[in-house]
Amino acid sequence: MNTRVLVILALLMGIGTVLHFVIPPIGTIKPDMALPLMFLGIVLFPEKKNVLLLAIGTGILTALTTGFPMGQIPNLIDKPITAFVFYGLYVLIVKRIPSIIGVTILAALCTVVSGVVFLGSAAILFELPGPFLALFGMGVVPAIIINAIVLFVLYPIASSILKRSNIVTTA
């Protein structure tokens, strides 16, 4: 694994963690701001080992910074599932037709997957602090919008920076 790629992935996870930590909760749930940076890492370096590294690292870091009651375990469950769903859909759809719109739609769709897996696993393992649909509406719906916008803005910038550098990427 290329050291430069590892450093970039670590930076993306670190930035995502800071954003996840500082964003204020809406009710009892925070929109997950680590997701768009995890998605960006997958799009920039679409290899299974990178996806696994991002998923585990982001899951651990978001578990440490969650404000959701008993949200540590659901974060550890949610991130690997979401990362590999994103990767699989990216390889099947967007990688064949590279498009900022495709990546943005995929980010929104996988944010829904993340929210459903997170809240579903929290509901199965623990008691939710409110109704599922209310938590989904307060936390996941804003995250869908925010994550799509963040990826729409960051993807072209990061892609152009990496193309100008010596870092090999498929973006």
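Colleague: What should I know before we start?

Modeller: This is a predicted model, so local features need pLDDT of at least 70 and side-chain atom pairs count only at pLDDT 80 or more, while totals for chains, interfaces and linings use all residues. Residues are numbered from 1 along each chain as its sequence is written, and side-chain values use heavy atoms, with hydrogens and water left out.

Colleague: Okay, holes. How many cavities of 30 Å³ or more are there?

Modeller: The count comes to two. A cavity here is a set of points, on a 1 Å grid over the protein atoms alone, where a 1.4 Å probe fits but cannot get out; lining residues have an atom within 4 Å of a point. Grid points are joined across faces, edges and corners, and the volume is the space filled by probe spheres set on the points.

Colleague: How much space lies in the largest cavity?

Modeller: About 210 Å³. It is lined by 20 residues, and the closest to its centre are Ile29, Lys30, Pro31, Asp32 and Phe118.

Colleague: Which elements give two or more residues to that lining?

Modeller: Those are α4 (72-94), α5 (100-125) and α6 (132-164). The largest share, four residues, comes from α5. Helices are DSSP runs (H or I, at least four residues), numbered from the N terminus.

Colleague: And how does the lining of the largest cavity split by class?

Modeller: It has seven nonpolar, nine polar and four charged residues. For the classes, Ala, Val, Leu, Ile, Met, Phe, Trp, Tyr, Cys and Pro count as nonpolar, Asp, Glu, Lys and Arg as charged, and the others, Gly among them, as polar.

Colleague: What about the second largest cavity, which residues line that?

Modeller: That one holds about 30 Å³ of space. Its lining is made of Leu12, Met13, Gly16, Thr17, Ala34, Leu37, Met38, Leu54 and Thr58. At least two lining residues each come from α1 (3-22), α2 (35-44) and α3 (48-65), with α1 giving the most, four residues.

Colleague: Switching to charges. How many salt bridges does a search of the whole structure find?

Modeller: Three, where a salt bridge is a side-chain nitrogen of Lys or Arg within 4 Å of a carboxyl oxygen of Asp or Glu. In one of them, Asp32 pairs with Lys79, and the closest N and O atoms are 2.6 Å apart. Asp32 sits in the loop between α1 and α2 and Lys79 in helix α4, so this pair ties together parts that are 47 residues apart in sequence.

Colleague: Are Asp32 and Lys79 buried or exposed?

Modeller: Both are buried. Buried means under 20% relative accessible area, exposed means over 50%, and partly exposed is in between (1.4 Å probe, protein chains only).

Colleague: Which other residue forms a salt bridge with Lys79?

Modeller: Asp78 does, with the closest N and O atoms 2.7 Å apart. Shared partners join Asp32, Asp78 and Lys79 into one network. Asp78 counts as buried, at 0% relative accessibility, and Lys79 also comes out at 0%.

Colleague: And where is the remaining pair?

Modeller: Lys49 and Glu47 meet through their side chains in a salt bridge (3.6 Å, N to O). Lys49 is partly exposed, with a relative accessible area of 43%, and Glu47 is partly exposed at 41%.

Colleague: Last one: what's the phi of Met70?

Modeller: It's positive, about 60°, although Met70 is not a glycine. Most residues other than glycine have a negative phi. Met70 lies in the loop between α3 and α4 and counts as partly exposed, at 46% relative accessibility.

Notes. On a 1 Å grid over the protein atoms alone, a cavity is a set of points where a 1.4 Å probe fits but cannot get out, and a pocket is an open set with protein on both sides within 12 Å along at least five of seven lines; lining residues have an atom within 4 Å of a point.
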